[in-house]
Amino acid sequence: MAQHSSHATLYRVSSAWLCLLLLCGTPLTAADPEVEAVDRAKRLLAVRGHRIAPVVLLNVWPTRAPGPDAFVMKGRIYVNPRSNIVQGAVLSRAYDVVLASLLLHEQAHLRGADELQALETELDWLISERAGEEFIRETRRTIRDVKGKL
């Protein structure tokens with residue numbers, strides 16, 4: 001009986017992933033510049049002691065995604081390869097720090113952080129890595145906006 005139950009669970013999980021792939025298209029391959037940019041950002045985080053959940057780049061961004069850049073679901077970080085942040089990192093390695101901040105933000109959500117806490121984690125990273133002032137300023141503005149809605 002337990003064996004049948006585990007097979008049923010495996011089937012449901014597999015079916016869910018199949019539906020996700022059918023709805024969102026096939027994942028990008030390792031040769032894509034977007035994958036290389038995400039890998040650089042993950043390495044940067046790893047060097048600083050941060051572990052990041054598996055990252056999935058989706059060719060077709062779901063219309064009901066909670067945001068334009070990334071979201072988390074079931075222990076994974078889903079990233080929009082067409083987002084300005086990813087495309088910035090494709091064009092310039094200076095954006096690797098910003099892409100890393102996006103991954104760190106989403107990782108904070110996986111650990112239970114609300115939006116304000118995730119933004120504060122992101123801001124701390126951007127400051128510690130001496131990101132461009134425009135990114136720090138934008139993150140501070142977003143934090144003020146979120147606090148204003150509380």
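Patches are built from residues with over 30% relative accessible area and no salt bridge, where like charges are joined within 9 Å and nonpolar side chains (Val, Leu, Ile, Met, Phe, Trp, Tyr) within 5 Å. Lys and Arg count as positive, Asp and Glu as negative, while His and the chain ends are left out. A charge is placed at NZ of Lys, CZ of Arg, CG of Asp or CD of Glu.

This is a predicted model, in which local features need pLDDT of at least 70, side-chain atom pairs count only at pLDDT 80 or more, and totals for chains, interfaces and linings use all residues. Residues are numbered from 1 along each chain as its sequence is written, and side-chain values use heavy atoms, without hydrogens and water.

**Overall build**

The protein has six helices and three strands. Their order from the N terminus is α-α-β-β-β-α-α-α-α. Helices (H or I, at least four residues) and strands (E, at least two) are DSSP runs, numbered from the N terminus.

Of the 150 residues, 40% are buried. Buried means under 20% relative accessible area, exposed means over 50%, and partly exposed lies in between (1.4 Å probe, protein chains only). The accessible surface is about 9,300 Å², with 56% of it on carbon and sulfur atoms. These areas come from the Shrake-Rupley method with a 1.4 Å probe, and for residues only the protein chains shown count as cover.

Among contacts with a separation of 6 or more, 51% are between residues 24 or more positions apart. A contact means heavy atoms within 4.5 Å.

**Salt bridges**

The whole structure holds four salt bridges. Each is a side-chain nitrogen of Lys or Arg within 4 Å of a carboxyl oxygen of Asp or Glu.

| Pair | N to O distance |
|---|---|
| Asp 96 and Arg 40 | 2.8 Å |
| Arg 48 and Glu 129 | 2.9 Å |
| Glu 138 and Arg 141 | 2.4 Å |

Asp 96 and Arg 40 meet in a salt bridge. That pair links distant parts of the chain: Asp 96 is in helix H4 and Arg 40 in helix H2, 56 residues apart. Asp 96 is buried, because its relative accessible area is 8%. Arg 40 also counts as buried, at 13%.

Arg 48 pairs with Glu 129. This link too joins distant parts of the chain, 81 residues apart: Arg 48 sits in the loop between H2 and S1, Glu 129 in the loop between H5 and helix H6 (133-149). Arg 48 has 41% relative accessible area, so it is partly exposed. Glu 129 has 18%, so it counts as buried.

Glu 138 and Arg 141 both lie in helix H6, three residues apart, about one turn of the helix. Glu 138 is partly exposed at 39%, and Arg 141 is partly exposed at 34%. Together with Asp 145, Glu 138 and Arg 141 form a network of salt bridges.

**The negative patch**

Asp 114, Glu 115, Glu 120 and Asp 124 form a patch of negative charge on the surface. Asp 114 lies in the loop between helix H4 (96-110) and helix H5 (115-128). Its relative accessibility is 42%, so Asp 114 counts as partly exposed.

**Around Pro 54**

Pro 54 belongs to the loop between helix H2 (33-47) and strand S1 (55-57). With 43% relative accessibility, Pro 54 counts as partly exposed. Leaving aside residues up to four places away in sequence, Pro 54 touches Gly 75, Arg 76 and Ile 77.
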